[in-house]
Amino acid sequence: YTRGISACADMKTEEFVLKVLAQSGKKRSLWLALAGAAAGLFLLSGAMQTTATFRSVMNRQKDLLGGDFLVMNKKVSLHNTLSGRPGRFDDAEQKEIGKWPGIGAVGAFSGNRFKVRASFRAGMQASMPGLSTDMFLESVPDEFIDTDKEGWGWEEGDDEIPLIIPADYLKLYNFGFAQGQGLPLVPESVLQSVSFDLAVYGNGKSASFRGRIAGFTNRIQSVLVPQEFMDYANAQFGEGAGGNPGRLILRADDPSDPALTQRFTAAGYEMAGGDRLRTSRINSLLLLMMGAVLSLALLMIVLALLGIVQFAQILVYRSARDLQVLYLLGCTPAQLAAPLKRRFTVQLGLAAGVALGLTLVLHLLLNIGLQQKGFETQALPSLEAFGLLALAVPLLGLFLRRAISQAVKEACSG
């Protein structure tokens, strides 16, 4: 024990204490516990990294899914069928929807209350066959239009009316109707360069205009005309009183937000766009999976930490006699605990380093896989994942150090 006195006097307590403790424990259980801690920390940061990566991909694909806009309507019920009237949104409902979290603006659809007939006369355009059809028109505020607004607008006295049609309508004509009827295919540029007759009538009045395709929309599945023309035509040719809108268009911060979808469902509303609904379900599933993985990670971390603490306590209790002698010779419990705390803190740091490295590898593999599928990904790893590691490791270290201090104190006083 003279060596113990010399160790305390020469401030070499760490080397001596570690040598004493090294003779008292098996290291295999410690390395298993550290491996469990590394696996748990990797699951914790890896789940956050995976979630952040896929959210980034979905946010970058918003434009393909219709941007930040949603079209909504009330569900059609048997009552609507029998009454012949669709469900409509009154002013109070529109204001309430505008107050929903994540909703930036609300616009109303205006529909025609007059009859419309569009026709291409044979020989009217060299590239177009002769055809005629009844049609419907709608309008929305200009801020919700997703095409070039140059040439868009109408004033009373204008003979030409610009129209915006869904891009899918042209595809249906080209690959459905035209091929089945032996008619020529029509590209967008040709359709925009031709005009057609547009007959408007109702309320005992009629008028003829020249229609022109001003653009194609991927956002709104309807034939759109300027709001100014719709207001004028409904006033001149409209039959019946104007009512509340049956459809609304919303600008949303995140159309795929599961909470927004739940609000739609709870209120009995329908949201146009199956892609958005599927994305919302993917988000919900992703959150559920992340919650399950995080729960498993926390369980693994807790069990691993308990294993490390138990190993440290066993070392201390098996060396209790030697520690008591050193304590009686003048070494304080803090001096005796410090070497063990530093050693285990370093080992916990190594486990965190392994988890960090695996998370970086996971980020790289996810990026490579998604880019090969044609998705655009974020170059840098998620700050949330590393922030979670930076928060978890010090907390685990603090708990471990306190447990070691308590075990050494009990051993010295026992």
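Strands β8 and β9 form a hairpin with two residues between them, and Asn203 in the turn has a positive phi of about 60 degrees. Strands here are DSSP runs of E with at least two residues, helices are runs of H or I with at least four, and both are numbered from the N terminus; two strands count as paired if DSSP finds at least two bridges between them. The model is predicted, with local features requiring pLDDT of at least 70 and side-chain atom pairs pLDDT 80 or more, while totals for chains, interfaces and linings use all residues. Residues are numbered from 1 along each chain as its sequence is written, and side-chain values use heavy atoms, leaving out hydrogens and water.

**Strands around β9**
- Strand β8 (residues 195-202) pairs with β9 in the antiparallel sense over eight bridges, and Phe196 stands opposite Gly211 in β9.
- Strand β7 (residues 160-166) runs parallel to β9 (residues 205-217) and is joined to it by seven bridges, with Glu160 opposite Arg210 in β9.

**The four-stranded sheet**
- An open sheet with antiparallel pairing is formed by four strands in the order β2-β10-β1-β11.
- Strands β2 (103-108) and β11 (269-271) stand at the edges with a single partner strand each, so one side of each is left without a neighbour in the sheet.
- Five bridges join the antiparallel strands β1 (residues 69-74) and β10 (residues 247-252), where Val71 stands opposite Ile249 in β10.
- Helix α9 (residues 258-267) packs on the sheet and touches β1, β2, β10 and β11, contact meaning heavy atoms within 4.5 Å.

**Helix α13**
- The 31 residues of helix α13 (residues 383-413) should span 45 Å at 1.5 Å a residue, which agrees with its end C-alpha atoms being 45 Å apart; the expected span is 1.5 Å times one less than the number of residues.
- At the start of α13, a side-chain oxygen of Ser382 comes within 3.1 Å of the backbone nitrogen of Glu384.
- The buried residues of α13 (under 20% relative accessible area, with a 1.4 Å probe and protein chains only) include Leu389, Leu396, Leu400 and Ile404.

- Leaving aside neighbours within four places in sequence, Phe344 is in contact with residues including Leu30, Ile308, Leu400 and Ile404.

Conventions. Axes are lines fitted to C-alpha atoms, for helices over the stretch in contact, and angles run from 0 to 180 degrees between N-to-C directions. Buried means under 20% relative accessible area, exposed over 50%, partly exposed in between (1.4 Å probe, protein chains only). A polar contact is a pair of N or O atoms within 3.5 Å; within protein, one must be able to donate a hydrogen and the other to accept it, and residues adjacent in sequence count only if both atoms are side-chain atoms.
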